[in-house]
Amino acid sequence: MYCKVEFWKYSLKSGRNVPPLQLVSVGVQCFSNIMARRKESDRAQQNNDDSDSNPNDELEEEPDFDDPEGYEDDISEQDLMGDLIRQRPKETDGVESIVVIDGVPQVGPERIEKLQNVLKKLFQKFGKITNEYYPLNPDGSTKGHVFIEYSNASEALEVLKGTNGYKFDKNHTFTVNLLTDFEKYNDILDKWENPVPQPFKEQGCLQYYLLDQDACDQFSVVYEQGDKVAVYLNTQPEPTLLEERPRWTETLVRWSPLGTYLATFHAKGIALWGGEKFQQIVRFSHPGVQFIDFSPCEKYLVSFSPLADSRATDEPQAIIIWDVLSGLKRRAFNADKSQALPIFKWSHDDKYFARMGVDMLSVYETPSFGLLDKKSIKVQGIRDFAWSPTDNTIAYWVGEEKDTPARVTLLELPSRNEVRVKNLFSVADCKMYWQKSGDYLCVKVDRYAKLRKDKSDIKYSGIYYNLEVFHMREKQIPVDSVEIKETIQAFAWEPVGTKFAVIHGEPPSTSVSFYEVKTGQTPTMVKKYERKPCNQLYWAPSGQFIVLAGLRAMSGTLEFVDTHDFTVMNTGEHFMATDVEWDPTGRYVATAVSWWGHKVDNAYWLWSFQGRILKRVALDKFCQLQWRPRPPSLLSAQQIKDIKKSLKKYSAQFEVKDRLKMTKASKELVEKRRKLMQEYEDLRKQKQEEYAEQRRRRIELRNNVDTDETEGRGGELEEETVEFFIKEETTFIDE
């Protein structure tokens with residue numbers, strides 16, 4: 001005899017869902033009853049056999065395998081059948097994975113097959129279709145709505161986001177709902193109940209740091225291998241410690257783009273801190289997170305966990321987009337290991353974010369987080385893209401394919417109009433650099449030189465470089481080209497201005513060239529420095545000043561240049577420096593030797609914009625220094641221009657304040673030293689009094705001999721000379 005246990009999945013036909021654990025329990029009970037009846041039968045048979053045998057024979061007791069009375073099994077079902085429980089069907093399986101599409105054309109029996117093929121082709125893009133049902137009228141025509149079942153609930157949700165409101169033709173627009181939505185709408189209460197307002201949580205002023213009268217910037221420091229994090233205010237002559245906490249983060253910290261929040265990384269997710277006391281504002285649960293990216297306006301946060309396992313759930317877990325203010329999860333995506341970080345790139349106003357796929361560019365809009373116009377942009381052979389920092393314009397480039405040249409395209413959104421296309425030939429690679437003001441776009445093009453065709457194959461004799469400069473503010477967006485024969489090591493636009501700098505050549509014979517862009521003219525070289533030992537360019541946030549840095553292998557050489565007249569203001573060296581960062585106001589520069597890059601000489605140095613060293617700070621296992629960003633100025637361009645004209649008047653006021661600060665600092669230093677000296681004198685006087693009070697006791701302990709004064713010990717002390725043999729050496733001298 002046996003008992004058969006079957007697992008049933010919910011289906012539209014049966015409408016039943018039997019929990020598998022209940023079935024297992026029924027099967028076990030059935031099996032127990034069968035075994036009990038079989039045991040009784042065996043005992044009866046044994047009694048019959050015993051009656052036929054010799055009554056003097058010794059009877060053997062059958063072992064009892066039943067649990068004793070009152071026994072409680074402490075093994076949980078999860079421990080006993082963990083794998084089986086994880087695979088059990090859910091109550092919502094087969095329900096949440098069903099979508100209902102309304103607005104489908106009503107066609108006769110002769111056109112049903114054609115309609116089914118068109119709809120199947122459309123909805124197969126979102127996942128695997130396991131079942132579909134077309135309700136029919138008595139005459140065989142469709143009723144105008146369709147039921148489609150997918151393999152899991154996440155695919156059905158993608159259909160809802162991607163096709164709700166989809167315009168099938170000029171007369172039909174789809175309305176898409178989940179099957180569970182009907183039950184939700186049916187259970188709406190007849191009487192409206194107002195939601196209970198949540199208590200207001202005071203978070204303080206998150207922009208308090210902008211109210212500092214001297215416009216001193218803040219910066220964060222991570223040291224002791226990440227065990228300690230400190231936030232300082234860059235006051236002179238010494239920075240002021242604002243906050244210091246042990247184990248504030250587990251890896252690193254990061255400021256939000258406008259400086260409102262400080263993000264810390266933890267094993268369970270991300271936490272954001274703000275306010276004068278840096279209290280916790282919000283936290284996001286994402287285990288194993290290793291990378292985050294804020295949207296430019298700080299409305300959204302993207303977290304990426306390469307270790308996230310989406311196999312256990314239907315929802316993607318690798319990439320999650322969060323709403324910063326509410327802390328809610330807005331949408332999740334699967335990750336592609338081949339893509340570089342950041343996976344999503346944002347428009348300047350947080351309205352759009354885009355992701356590059358195979359031969360397509362997917363642009364999503366907020367706050368719906370659905371595809372723009374319900375579909376991706378097909379771009380055959382797309383290689384890279386970048387948003388304009390001031391406009392909703394995307395620049396992307398496409399590689400060469402057979403006889404089709406490479407091209408750079410400027411795409412305007414949401415209209416998807418191609419406002420400019422530039423064809424390029426013999427292209428090996430491209431890199432795109434937007435100017436911070438959005439006035440110019442430079443595309444660095446690596447080209448194959450002197451294409452030579454042989455009978456066997458195609459060969460190239462080398463690579464040269466072109467800089468294609470797009471004038472974004474001019475009519476029809478003209479493009480100028482600058483050819484550079486040598487290898488380009490680094491490129492950087494002046495953030496506010498019309499110049500860009502290029503490091504070209506092979507180390508150690510690298511050169512630095514500065515070009516100026518003028519309206520209607522090809523960029524012209526305005527200065528060239530020969531044989532400069534540098535590999536990185538760092539412009540001041542307001543332009544004009546630049547640091548030519550030779551980091552890591554170039555031993556940390558620094559050169560401070562004023563590009564107004566191209567004078568070298570100063571040179572310096574921070575040996576083995578790994579990082580250089582300007583403060584938001586452009587008054588100070590920080591150089592650092594990070595413990596992540598080198599295990600010795602870990603420190604950060606502060607410099608003035610003119611290259612004068614201000615402070616050297618060595619910290620144990622120093623890891624990271626980051627300046628706190630500032631939001632864009634509220635002053636208009638004309639107001640900034642007027643301030644620059646009257647800069648001498650303001651400079652005199654600032655110099656007076658600086659002298660007062662230095663005087664105050666000197667006075668504070670003198671007062672500090674005077675206080676220390678007074679404390680020393682008080683302590684010395686106290687110890688002298690204690691010494692005098694203990695004199696009589698010392699004399700008694702020393703047999704009435706006063707040893708405090710050497711003059712009084714002349715007749716009491718005896719001098720004794722002791723001689724003893726140390727070593728004897730014998731030396732033979734040959735005559």
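This is a predicted model: local features need pLDDT of at least 70, side-chain atom pairs count only at pLDDT 80 or more; totals for chains, interfaces and linings use all residues.

**A side chain reaching back to the backbone**

Mentor: Start with N137, whose side chain reaches the backbone oxygen of T142 at 3.4 Å. Numbering runs from 1 along each chain as its sequence is written, and side-chain values use heavy atoms, with hydrogens and water left out.

Where does N137 sit? You'll find N137 in the loop between β2 and β3; strands here are DSSP runs of E, at least two residues, numbered from the N terminus. Setting aside neighbours within four places in sequence, N137 touches T142 and K143, with contact meaning heavy atoms within 4.5 Å. With a relative accessible area of 26%, N137 is partly exposed (buried is under 20%, exposed over 50%, partly exposed in between, using a 1.4 Å probe and protein chains only). As for Q106, 31 residues apart from N137 along the chain, the two C-alpha atoms are separated by 9.8 Å.

Now look at the strands on either side of that loop. A search of the whole structure turns up 36 aromatic pairs; rings of Phe, Tyr and Trp (its six-membered ring) pair if their centres lie within 6.5 Å, with planes under 30 degrees apart called stacked, over 60 edge-to-face and the rest tilted. One of them is the tilted pair of Y133 and F147, 6.1 Å centre to centre with 35° between the planes. Y133 belongs to strand β2 (residues 129-133) and F147 to strand β3 (residues 145-150), so this pair ties together parts that are 14 residues apart in sequence. Y133 is partly exposed at 49% relative accessibility, and F147 is partly exposed too, at 23%.

F219 is in strand β7 (residues 218-223) and W627 in strand β45 (residues 624-627), so the parts tied together are 408 residues apart in sequence. F219 is buried at 0% relative accessibility, and W627 is buried at 4%. Elsewhere, ring pairs join Y300, F333, F344, W346, F353, Y364 and F369 into a cluster.

R628 lies over the face of Y209, 3.9 Å from the ring centre, and R616 does so over W605 at 4.7 Å; the test is NZ of Lys or CZ of Arg within 6 Å of the ring centre and within 35 degrees of the ring normal.

Last, the backbone. Most residues other than glycine have a negative phi, and most peptide bonds are trans. Here, T366 and P367 are joined by a cis peptide bond, omega about 5°, and P367 falls in the loop between β20 (360-365) and β21 (370-371). L413 and P414 are also joined in cis, omega about 10°. D373, not a glycine, has a positive phi of about 60° and sits in the loop between β21 and β22 (377-378).

Technical notes. Helices (H or I, at least four residues) and strands (E, at least two) are DSSP runs, numbered from the N terminus. A polar contact is a pair of N or O atoms within 3.5 Å; within protein, one must be able to donate a hydrogen and the other to accept it, and residues adjacent in sequence count only if both atoms are side-chain atoms.
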